[in-house]
Amino acid sequence: FFFFSSPTMVLEHDLLHPYAEVEQRKHKLKRLVQTPDSFFMDVKCPGCYQITTVFSHAQTVVICSACSSVLCQPTGGKAHLTEGCSFRKKN
């Protein structure tokens, strides 16, 4: 018998400790730990400065309850905030 000493295999990427940037670009089900891409956010109305909680992938038009101005418009994916609205991700 001939015994071949196989050289140790060097991986290009660390599979157990991937970089955060690389993980974020992957599909939500292909990540090491599956996480959703959607989130809830606090949106501040530009007119009356009232804060409203909005889902990032809202499928309906969200209107401010105080001044009846439109806060975001639905699209095929994430909702688009109107001009002047500021938001903050909820934890």
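Modeller: Let's begin with Ser68, which sits in the loop between strand 3 (62–63) and strand 4 (70–73). A quick word on how to read this: it's a predicted model, where local features need pLDDT of at least 70 and side-chain atom pairs count only at pLDDT 80 or more, while totals for chains, interfaces and linings use all residues. Residues are numbered from 1 along each chain as its sequence is written, and side-chain values use heavy atoms, with hydrogens and water left out. Strands (E, at least two residues) and helices (H or I, at least four) are DSSP runs, numbered from the N terminus.

Back to Ser68: its phi is positive, near 60 degrees, in a residue other than glycine. Ser68 also counts as exposed, at 55% relative accessibility. For the cut-offs, exposed is over 50% relative accessible area, buried is under 20%, and partly exposed falls in between (1.4 Å probe, protein chains only).

Tyr49 isn't a glycine, yet it has a positive phi of about 60 degrees. You'll find Tyr49 in the loop between strand 1 and strand 2, and it is exposed, with a relative accessible area of 59%.

Strand 1 and strand 2 run antiparallel and pair over five bridges; for two strands to pair, DSSP has to find at least two bridges between them. Met41 stands opposite Val54 in strand 2. Val54 belongs, with Thr52, to the covered face of strand 2 (residues 51–55), and the uncovered face carries Ile51, Thr53 and Phe55.

The structure holds four salt bridges, a salt bridge being a side-chain nitrogen of Lys or Arg within 4 Å of a carboxyl oxygen of Asp or Glu. One of them joins Asp42 to Arg88, with the closest N and O atoms 2.9 Å apart. Asp42 lies in strand 1 (residues 40–44) and Arg88 in strand 6 (residues 86–89), so this pair ties together parts that are 46 residues apart in sequence. Asp42 meets Lys90 in a salt bridge too, at 3.6 Å, N to O. Lys90 is in the segment after strand 6, so here the tied parts are 48 residues apart in sequence. Put together, Asp42, Arg88 and Lys90 form a linked network of salt bridges.

Another salt bridge pairs Arg31 with Asp37, the closest N and O atoms being 2.7 Å apart. Arg31 counts as buried at 8% relative accessibility, while Asp37 is partly exposed at 36%.

Leaving out residues up to four places away in sequence, Glu23 touches Pro18, Arg31 and Leu32, where contact means heavy atoms within 4.5 Å. With Leu32, a polar atom of the Glu23 side chain lies 2.9 Å from the backbone nitrogen. Glu23 itself is buried, at 13% relative accessibility.

Conventions
A polar contact is a pair of N or O atoms within 3.5 Å; within protein, one must be able to donate a hydrogen and the other to accept it, and residues adjacent in sequence count only if both atoms are side-chain atoms.
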